[in-house]
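This report covers a few local features of one structure. Look at the sequence and the model before reading on.

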Amino acid sequence: MTTLATDPQAARSSRILTYLRPAEIYVVFLLLLIAIGPYIAPYSAYDFDPASSLLKPSWAHPFGTDEFGRDVFSRILAGARPTLLPAFASAVLGIIAGTTTGLICGLMGGRTDQWIMRGMDVLLSFPALILAMLVVTMLGGSTTILVFAIALIFWPRSARLIRSAALDIGKREFIEACRARGEGMGYILFREMLPNLRSVVIVDLALRCSYAILLSASLAYLGMGAQAPTPAWGLMVKEGQQFIQFAPWLTIFPCLTVALVATGTVLLGENVRRRFAISQRLAR
Amino acid sequence: MSGAENAVLRVNDLSITYGHGDHAVHAVRNVTLSIAPGEAYGLIGESGSGKSTVAFSIMGHVVGGRVSSGSIQLDRRELLTMSPREWQDVRGNRIAMVYQDPMNALNPAFRLGAQVAETLIRHRGMSREDAWAKAVDLFRQVRLPDPEQLVNRYPHQISGGQQQRVVIAMAIACEAQLLIMDEPTTGLDITTEAHILELIADLRQRLGIAILFISHNLRVVAQVCDRVGVLYAGQMVEEGPADAVLQKARHPYTMGLNGSLLPISGEVRRLKPIAGRLPDLRQVPQGCIFAPRCAYATDQCRTMDPQIQVVGKRHVSRCMFSELVPPADRFIEMGSRHAPGDSVAPQLSVVDLDYSYARRGMPLPFLARKARAKALDRVTLAIRPGETLGIVGESGSGKSTLARCIAGLRSPDRGAVRLEGRRLEPLAGQRSREARQRVQIVFQNPDSSLNPLRTVGDIVGRPLGLYNVVPEEERRKRTIELLEMVNLEERYMTRYPRELSGGEKQRVNIARALGADPEIIICDEPTSALDISVQASVLNTLIDLRTQKDMAYVFITHDLGVVRYIADRVAVMYGGSVVETGRTDQVFSSPGHPYTEMLLNAIPDGTRGRKALLEVEDSRPKPIQGVGCVFADRCLQYRGRECDEVLPPVRLGQDGHMVNCHRALASA
Amino acid sequence: MSLWTLILQRILLMIATLFCVAVLTFLIVNVLPGDVAVAILGDQSTPDQVEALRQSMGLDQPILLRFGDWFGGVMRGDFGTSLTFGRPVGPMIWGRLLNSATLGVICLLVMIPVSILLGAVAAVTQGSVLDRAITAITTFLFGMPEYVLALGAMLIFAIWLQWLPGAAMVSPGENLFTQLDVIVLPVLVISLGGATYIIQMTRASMIDALGTAYVRTALLKGVPRWQVILKHALPNAMLPTLVEIGLSFGALLGGLVIIETIFNFAGVGQLMVMSVQSRDVPVLQACVLVIAAAYSVGSLLADIASMLLNPRLRT
């Protein structure tokens, strides 16, 4: 089922590169937003200003103001960090755990593999959001816990992907040739297998980042993770929703931001997946 | 080229291109051919010759490419300008096709009968009942066992040979005027191939159908066809009566193909392969397309397009020279080999090896455990120093598992591999460095046996470092020497596997094995993925190395011609057991086991009208491993209960000839 | 191995997995650092309050004993007593489960046929404007959190156009079919979210199927293209798609939690969010188990369906 492109030539094709460009620009834009967002915001994201409470969008406040008179635009800019950083962190953490597990399973095979994968199946039997809610509720709502909860969700999914890719490569005759030569486990793993798995890991990372943004935005909306007054986007939607009747901008603009960023990263992930020709079915 | 007046099929000046602009691949260029009613026309070509593209274009199915010029006429009616609706009436009805890979050509979700009936319902307007009844009849015609039952089965429930019979039944259902067969026996075992070829000959005789037969195998084509055309790089280079083209070839390419063919009788002579590789069809070079690889090429050949020349009765060749004398050195005598005698102690031996595939997955309660099928059953073999032992067998015979057990990649259930009498640990990782270094392995698949991310220099140099064969500062020099030994130049050092052709990849594989300075190399079908002209040159390299370095080979193959060419002794495997071992000439001239006889009979010998192959008429139960003879159900010398219930005894002949059979040896 | 053995094996595996799910749920709640009592009372609780709660909940008992008690109860349908409402959790859940199940099944009935149709159309017209449009829209929708879709739909249809009610105030166990208008928006939003995945998967499987040799055989038999697509390609493409639909239940259930909350729909998902906010641990545990079980049963059914459809498992 796995189709892994290990042919670097295909990846280097210039036509595909031009196709990728908008997505790469997009990543730079996101990173910029995280880095300088708070500094270019016209107003403070936290200070109350009762005089300008619930103002409609105008030139002074392009996205309007909330019930405490805080500028929504500034809050969205300041919210890039608390929204995106935990998402990226959890994706990276999940991938590290998943890749390690997947490699161990793919390489060891046999009983070890069977038992670990059954354990992963148990984790997979929880719908993603449900497991995250359970963990965050029971362990406390800090951002660190949120990161671990999302990483926990990605762990089995990542492990399954890397395992099947590792099994696929492990079956190839150049690995058998290593075994017949009597190469050490470390050499086979790091010099022969990992370089060939690089593309799968990159694709996995790109896709997990987009899912992490989606998941953390959903959790924030349910009141988990970042707490008020942090301007996390999901949390802003939740807080603004009570005014949806007469101040819809409090809902619309954070919603639009989440949607743009999330669909953008999903598109990016899809592009990377296509670029490395990894099966759509595997990469979920 | 030339053609009969009343041809069924007339392909004129056909050119097919894939892609656009600079990337356009001119896969087929100005191909002309015609097939008379009832004639069998063979189209020969190696991979990349465009033969399948021609076949599918006649069915109106060129995916991703386009016909850039030419015409295809069936019964004087132009096919290329037809509407999709008109095509529907031609396909399956007036032209039908048999495919290379029958397993995939059949829909897994449909009963076999339904797949045949569909054609009849569509083109003959039959009712469902009539069509199914006719399907049973067709199954009988293609000699499928128990047709009434078989129509209700699914493709995965029958064997590959039976699947191909179903595809043939489907193709002859509507009594098409033309049957296109695209490598119909490639991928099938040799005994199955023989039966399918016989069926095709039989159907031709009874139905008088015209056939376009496409194959890379010259002997198969010669056996089936009246006339043949030879395609090279999308161009027809020679065409004529089958016997004339295959025995008195006039084009250097056809001569080269013939020279690469492994003889199955007569003296073993050195092969003369074709040098070089297929040109890039994106920029078709000027002049003769074969000139860069041709031993006779002159400057004129490289600048001027050669015209078609008539070289015999209905025999034409696309070569400037109408008369080419094959160079005297075409057959060089093989260096005389003195295989070590019986008295020499074996260097490597395999004793009583058993291997079964472990049941995968976790055992769950209440579920019956599957019986484990043995891939190797009490295999005992010995290789003497400097000797080449060929191991022949069909798919499922356990030959590759045996190679992996010797190399320490599989751990046998029982038995041992011994090196100079010392028992080796089952897995390579547990063996001593010295033992691993002395036994190397070369794999079958050139695409997966090299790490795509490392350079040729890295790959070949690795064993030097691992086994510390030469000091570090000499490694590069030694790597270059190794490449030269397998006829690759220094410039290959920095190349990646994707930049190499299949034959070059196998050379790199051999160089890597040589790097360890081994005494024994296990070759697991090293040439089965290669075209025959490339196979010949790789085999020659292996033979030269063996003489130079005094190495022993365990050479595993399904091809009897290859084994006869390279091996000193042969072991024949069937169903996980070695059924016969002996000197190569002995086994080929006086086979002792009925299975060996069957294999030798099954090789297409390139002549038509040969004697009918015997088939087992009654269906016998599959033998149980370890109880009777593994071959009992297919054996023509079947003796009843004795074969089913008693393990066959070992019969000893001269010079270590050994046969496991209830029948006594003729010579003993 | 016969078909029935495989199905039996699959069912046994599901039961084993569900038991492990129960154990893991219990472990997360009871063993991981972070005291249940503290989690319930919040960070501002005094040690005395915590100690009192621990005793009343039996938290001072040995862990295995507690698990035995709890799991035995679950097997009898007794999920304990809600801390907020002081009522048994079981009956609270069953009524809501019925609501959620009805909503979920309606969504599946809307979503699956439409998605398969769109996915198949996209695959058949691969590379065309229609295909690109379907692919682009599904990828875009796939990246939308459910609540963005839900709030958008609510804003447009309930607040600005005022065509449909923005909240579905149904009580647990009430017959949904008497007031279909309240579930139109939830069904629309959930189906939009879930369909994207099924469309993409159907498209991929269908493209695979269209490229197979047996589809080529059928075409070269003279069978018309539309018949080849419907008879030869589609049934084979459904196999992998079914498995994917089973796997997508997880996302569907997650979406249900959010949608129920937004539209105030009395289902298990809403109950779960409420239990999270009120730190009602017995209810939370029960909700997690019920949802995980629903997920397992859903993918089990999809797997069994694909096994039954798989010709390779027929004898």
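## Charges over rings

In this predicted model, the charged end of Arg495(B) sits over the ring of Tyr492(B), at 4.7 Å from the ring centre. Arg462(B) is another case: this residue lies over the face of Tyr187(A), and the distance to the ring centre is 3.7 Å.

## Aromatic pairs

Over all chains, the count of aromatic pairs comes to 19. One of them joins Phe243(A) and Phe246(A), with ring centres 5.8 Å apart and planes at 80 degrees. Planes over 60 degrees apart count as edge-to-face, so this pair of Phe243(A) and Phe246(A) is edge-to-face. Phe243(A) has a relative accessible area of 15% and is buried, whereas Phe246(A), at 54%, counts as exposed.

Phe67(C) and Trp70(C) also form an aromatic pair, and this one is tilted. Their centres are 6.1 Å apart, with 50 degrees between the planes.

## An aromatic cluster in chain C

Where in chain C do Phe67(C) and Trp70(C) lie? Both are in helix H4 of chain C, which covers residues 63-75. They are 3 residues apart, about one turn of the helix.

Are Phe67(C) and Trp70(C) buried or exposed? Phe67(C) has a relative accessible area of 14%, and Trp70(C) has 13%. Buried means under 20%, so Phe67(C) is buried and so is Trp70(C). These two residues belong to one aromatic cluster, together with Phe19(C), Phe26(C) and Phe71(C).

## A sheet in chain B

Chain B has an open sheet of 4 strands in the order S2-S1-S4-S5, and the pairing is antiparallel. Strands S2 (25-35) and S5 (77-78) of chain B stand at the edges. Each of these two has a single partner strand, so one side of each is left without a neighbour in the sheet. In general, strands of a sheet pair through backbone hydrogen bonds, and the pairing is either parallel or antiparallel.

How many bridges join strand S1 of chain B to strand S4 of chain B? There are 8, between residues 9-18 of S1 and residues 65-74 of S4, and the two strands run antiparallel. Ser15(B), for example, has Ser69(B) in S4(B) as its bridge partner.

## A helix across the sheet

Helix H1 of chain B, residues 51-58, lies across strands S1, S2 and S4 of chain B. The helix runs at about 115 degrees to S1(B).

How values were computed: Residues numbered from 1 in each chain as written. Chains lettered and ligands numbered in written order. Predicted model: local features only at pLDDT ≥ 70, side-chain atom pairs only at ≥ 80, totals over all residues. Heavy atoms only, no water. Pairing = 2+ DSSP bridges. Contact = heavy atoms within 4.5 Å. Axes fitted to C-alpha atoms, helices over the stretch in contact; angles between N-to-C directions. Phe/Tyr/Trp six-rings, centres within 6.5 Å; stacked < 30°, edge-to-face > 60°. Buried < 20%, exposed > 50% of the residue type's maximum accessible area, 1.4 Å probe, protein only. Lys NZ or Arg CZ within 6 Å of the ring centre and 35° of its normal.
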